[in-house]
Amino acid sequence: MSEPLVIVGNGMAAARLVDELAKSALGRYAIAVIGAEPRLAYNRVLLSSVLAGETASHELELQPASWWRDRGVTLKYGCAASGIDVGRRELKIAGEESVTFSKLVLATGSVPLRLDVPGADLAGVHTFRDGRDVDLLLAVGAQKKRVVIVGGGLLGLEAAYGLAKAGAPVTLIHLMDRLMERQLDKPAAELLKRLVERKGIEVLLNVSTSRLHGETSVQGLELADGRSIDADAVIFAAGIRPNIALAGQAGISVNRGIVVDDRLQTDATDIFALGECAEHRGICYGLVEPAYEQARVLAQHLAGGAASYNGSVVSTNLKVSGINVFSAGDFIAAEGSETIVLNDTKHGTYKKLVISNGSLTGAVLVGDSQDALWYLELIRTRAPIAKIRGDMMFGRALAIGSKAA
Ligand SMILES: Cc1cc2nc3c(=O)[nH]c(=O)nc-3n(C[C@H](O)[C@H](O)[C@H](O)COP(=O)(O)OP(=O)(O)OC[C@H]3O[C@@H](n4cnc5c(N)ncnc54)[C@H](O)[C@@H]3O)c2cc1C
């Protein structure tokens, strides 16, 4: 008889895990997926494209209903798991009967942060995380409301672009001295700022929010330096927090995320976690590729194989802004590493390659990112670059065309 395997969360990590399990452990498990969002698993990454009017919402589904049915998966969506009885191996579902499991996987993702300032709960204050948020933001754009976006990372920039494209006046405010500071060095971030401003988006750096004001709906935002910005809508894009509540309440070890080992197992037997809710070797990833790598390892482990997750090399690219931005690996350049830099501000191009011990260890590209995947591959494989070093700044075609790596 198939063992009951229950997955909590119907997001990108869960969908990939089911796909991997269907390939490697078909028939071994009776899989049930419990998801709080009221729809089939969808590509969350593409929400930015939906907001920018480049993708329709119904095109986001990762798999059609028949795909899940064909794999014998019991799907319950629109209902949240509310508790885990670790000893009895039972998962409680809000308003429903508990289900028993032999293995449980937590894939609960993250929750978007709302700043802890007065007025944060006024009407007109939004986040940018799920399909419902995007429906609300599309309405804000259509009504051309004055928008302030709090947060100058990838999410904030993509929200700013989508709303500005819809014709809304957008101000983007950021606490740090540069945009995307976790992915870009100073020159790259300065160039990005100029390119973003050219799209009609006002950017304010080094500013913090002291409060939002308005009667019932937000009317503006006050900065700590005393300045005030009028706004009909405010969007918090200032970070995420791994969704650890369920695990924490059940007594499973949590830190920032749900603590897992190299097999993605928590400190409770037969209970696993992956994706944005998991913390592996002290790292909570906020990107989809690590979740997919974790899904592959966990599926192999659940299929009875030996597999180990050793962490991920992460890369980021800005998707919808009309500005090509890519960053991977050691983008700042750790002590002892060398850098090759091309900085053509007038042309809107910045490239930085970081080299350490004869391999590429980091890259930042603004403007021209067509060789991003090649650089990423070099970083991931740590391939020796001595033979292509002279040409690699100018892209794959030139470097590989002249000498094999
Ligand atoms: C607008 C946007 C753009 C992005 N762009 C990129 C990008 O370009 N590149 C990139 O790598 N990443 C990007 N990301 C991040 C990426 O989407 C996430 O890393 C990825 O979705 C994580 O997958 P996950 O399954 O761990 O979490 P999620 O996809 O968030 O899925 C978790 C699911 O669990 C559900 N859940 C939570 N608690 C419960 C419960 N108690 N019971 C039942 N269900 C529950 C949630 O409702 C949610 O549906 C972007 C995110 C957003 C919002």
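These legends accompany close-up views of a predicted model.

**View 1**
The ligand is surrounded by 31 residues. The closest are Ala13, Glu37, Arg129, Glu276 and Lys319. Sorted by class, this shell holds 16 nonpolar, ten polar and five charged residues.

An oxygen atom of the ligand sits 2.6 Å from an N or O atom in the side chain of Arg129. A ligand nitrogen atom lies 3.0 Å from a polar backbone atom of Ala36. The side chain of Asn243 has an N or O atom 3.4 Å from a nitrogen atom of the ligand. On its own, the ligand has 1,000 Å² of accessible area, and the protein covers 91% of it. Several elements give two or more residues to the shell around the ligand: helix H1 (12-24), strand E2 (29-35), helix H2 (47-51) and helix H5 (154-165).

Helix H4 runs over residues 131-142, twelve residues in total. From first C-alpha to last, H4 reaches 16 Å. That is close to the 16 Å expected at 1.5 Å a residue. Its buried residues are Gly131, Asp133, Val134, Leu137, Val140 and Gly141. They cover an arc of only 160 degrees around the axis, so they lie on the same side of H4. Now turn to the face away from that buried side. Arg132 and Ala142 are the exposed residues carried there.

Helix H6 covers residues 186-198 and has 13 residues. At 1.5 Å a residue, H6 should span 18 Å. The end C-alpha atoms of H6 are 19 Å apart, which agrees. Ala188, Ala189, Leu191, Leu192, Leu195 and Val196 are the buried residues of H6. Seen down the axis, these buried residues fall within an arc of 160 degrees, so they line one face of H6.

**View 1. Leu264, a loop residue with positive phi.**
Leu264 is not a glycine, yet its phi is positive, near 70 degrees. Find Leu264 in the loop between strand E18 (258-260) and strand E19 (271-273). Is Leu264 buried or exposed? Leu264 is buried, because its relative accessible area is 0%, and buried means under 20%.

**View 2. Arg281, another loop residue with positive phi.**
Arg281 has a positive phi of about 45 degrees, although it is not a glycine. The loop that holds Arg281 lies between strand E20 (278-280) and helix H8 (288-302). Arg281 counts as exposed, because its relative accessible area is 52% and the cut-off for exposed is over 50%.

**View 3. Ile34 in strand E2.**
Ile34 lies in strand E2. Ile34 is buried, with a relative accessible area of 2%. Ile34 and Ile7 are 27 residues apart along the chain. How far apart are the C-alpha atoms of Ile34 and Ile7? They are separated by 6.3 Å.

**View 4. Glu20 in helix H1.**
Glu20 lies in helix H1. At 12% relative accessibility, Glu20 counts as buried, since the cut-off is under 20%. Thr269 is 249 residues away from Glu20 along the chain. The C-alpha atoms of Glu20 and Thr269 are separated by 21 Å.

Technical notes. Residues are numbered from 1 along each chain as its sequence is written. This is a predicted model: local features need pLDDT of at least 70, side-chain atom pairs count only at pLDDT 80 or more; totals for chains, interfaces and linings use all residues. Side-chain values use heavy atoms; hydrogens and water are left out. Helices (H or I, at least four residues) and strands (E, at least two) are DSSP runs, numbered from the N terminus. Buried means under 20% relative accessible area, exposed over 50%, partly exposed in between (1.4 Å probe, protein chains only). A residue is near a molecule or strand if one of its heavy atoms lies within 4 Å of it. A polar contact is a pair of N or O atoms within 3.5 Å; within protein, one must be able to donate a hydrogen and the other to accept it, and residues adjacent in sequence count only if both atoms are side-chain atoms. Accessible areas come from the Shrake-Rupley method with a 1.4 Å probe; for residues, only the protein chains shown count as cover. Ala, Val, Leu, Ile, Met, Phe, Trp, Tyr, Cys and Pro count as nonpolar, Asp, Glu, Lys and Arg as charged, and the others, Gly among them, as polar. The expected span of a helix is 1.5 Å times one less than its number of residues. The arc is that of the directions from the helix axis to the C-beta atoms.
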